[in-house]
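Let's take a walk through this protein and look at how its aromatic rings pair up. Have a look at the fold before reading on.

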Amino acid sequence: MAKPNRVYICRLEKQSAIGPYQQDLFANQPLIFISPRSEPPTLMLEKLIQLCGGKVCKTLRKAGICIGQYKGKRPPGNQHLSESWILDCITQHKLCPIDNYRIE
C-alpha cells in the first residue's frame, strides 16, 4: 500500500479538526516579515504562516526572519530567506534547514 503524502495528511487533519484548524509549524519561530516583492504575493504567504502558527509583522526591524527579496538595509541578526522556505516547510510538514534558502 502506498504511503499517503503530507498534503493529503494535512487535509485529513483539517477535516477532522473541531473548530478553526491551525498547525503549529511556525509557532516557535521569530516574527516574520514578508517583503512586498515576494512571490507568491505577501497576503497569501501571510495567511499560510498564520495558519501554521507563525506571527507576521509589518516592519522589518521587529522581525527575526525576512521572506523574499528586499533591497533595503536589514537589521543585524535578521535571517533573509526565500519564499520557498515557507512553502517547503508546509509541504514537508517540518521546519527545513535554512541554509539552502538564504538570500544574500
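A residue is called buried if its relative accessible area is under 20%, exposed if over 50%, and partly exposed in between, using a 1.4 Å probe and protein chains only. Keep in mind that this is a predicted model: local features need pLDDT of at least 70, side-chain atom pairs count only at pLDDT 80 or more, and totals for chains, interfaces and linings use all residues. Residues are numbered from 1 along each chain as its sequence is written, and side-chain values use heavy atoms, with hydrogens and water left out.

The protein has three helices and four strands, which are DSSP runs numbered from the N terminus (helices: H or I, at least four residues; strands: E, at least two). Along the sequence they follow the pattern α-β-α-β-β-β-α. Of the 104 residues, 36% are buried.

Now for the rings. Rings of Phe, Tyr and Trp (its six-membered ring) pair if their centres lie within 6.5 Å; planes under 30 degrees apart are stacked, over 60 edge-to-face, and the rest tilted. That gives two aromatic pairs. F26 and W85 have ring centres 5.5 Å apart and planes at 45°, so this pair is tilted. F26 sits in the loop between α1 (6-16) and β1 (32-34), while W85 is in helix α3 (residues 83-92), 59 residues apart. F26 is buried at 1% relative accessible area, and W85 is buried at 1% too.

F33 and Y70 make an edge-to-face pair, 5.7 Å centre to centre with 85° between the planes. Here F33 belongs to strand β1 and Y70 to the loop between β3 (65-67) and β4 (79-81), 37 residues apart. F33 has a relative accessible area of 7%, so F33 is buried, whereas Y70, at 28%, is partly exposed.
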